[in-house]
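Let's walk through this structure together, starting with the overall fold and ending at its surface. Keep the model open beside you as you read.

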Amino acid sequence: MPYQKIRRKAENILKMIMPGIHCWCARLLFQKVGKLAAAVVRGSLLLRIAGHSGYVQIDWKRVEKDVNKVKRLRNEQIRQHLEATEFFKQNIVTSSGFVGGFLLGLAS
């Protein structure tokens with residue numbers, strides 16, 4: 001009997017620790033991707049300035065087509081976000097471990 005209590009507690013602790021470790025690794029990945037995203041934003045600003053100055057010709061019809069494609073993808077992302085929210089509500093122990101790992105990753 002005492003062994004089963006210890007085993008249940010160990011399982012719960014493991015359910016919180018593993019997502020925390022995964023989230024910490026994910027935070028490191030997003031930090032690297034964030035730096036790349038910042039470089040892309042700077043590049044797009046320079047491209048916009050160059051286009052406005054006449055150095056670069058922009059195909060606005062193609063830009064509009066790409067924007068519409070992104071809007072369709074955005075609707076899909078919203079649906080996936082709602083599914084993820086429902087998953088986290090149903091798995092609160094795992095979710096709290098994930099959030100704890102993310103916060104730990106931010107602190108380190």
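**From fold to surface**

The protein has 3 helices and 0 strands. Bear in mind as you look around that this is a predicted model.

Now step back and take in the overall dimensions. The C-alpha trace spans about 80 × 30 × 10 Å along its principal axes. The radius of gyration is 22 Å, whereas a compact globule of 108 residues would have one near 13 Å. As for burial, 8% of the 108 residues in the protein are buried.

What does the exposed surface consist of? The protein exposes about 9,600 Å², and carbon and sulfur atoms supply 67% of that area. Charge is part of the picture too: there are 19 positive and 7 negative side chains, and the centres of these two sets lie 9 Å apart.

Next, turn to a nonpolar patch on the surface, formed by F87, F88, F98, V99, F102, L103 and L106. Together these residues have about 630 Å² of accessible area. Which helices supply at least two residues each to the patch? They are α2, covering 60-90, and α3, covering 92-107. Of the contributors, α3 gives the most, with 5 residues.

Is F102 buried, partly exposed or exposed? F102 counts as partly exposed because its relative accessibility is 33%, and that class lies between the buried cut-off of under 20% and the exposed cut-off of over 50%.

Definitions and conventions: Residues are numbered from 1 along each chain as its sequence is written. This is a predicted model: local features need pLDDT of at least 70, side-chain atom pairs count only at pLDDT 80 or more; totals for chains, interfaces and linings use all residues. Side-chain values use heavy atoms; hydrogens and water are left out. Patches are made of residues with over 30% relative accessible area and no salt bridge: like charges are joined within 9 Å, nonpolar side chains (Val, Leu, Ile, Met, Phe, Trp, Tyr) within 5 Å. Accessible areas come from the Shrake-Rupley method with a 1.4 Å probe; for residues, only the protein chains shown count as cover. A salt bridge is a side-chain nitrogen of Lys or Arg within 4 Å of a carboxyl oxygen of Asp or Glu. Helices (H or I, at least four residues) and strands (E, at least two) are DSSP runs, numbered from the N terminus. Buried means under 20% relative accessible area, exposed over 50%, partly exposed in between (1.4 Å probe, protein chains only). The radius of gyration is taken over C-alpha atoms; the globule rule is 2.2 Å times the number of residues to the power 0.38. Lys and Arg count as positive and Asp and Glu as negative; His and the chain ends are not counted. The place of a charge is taken as NZ of Lys, CZ of Arg, CG of Asp or CD of Glu.
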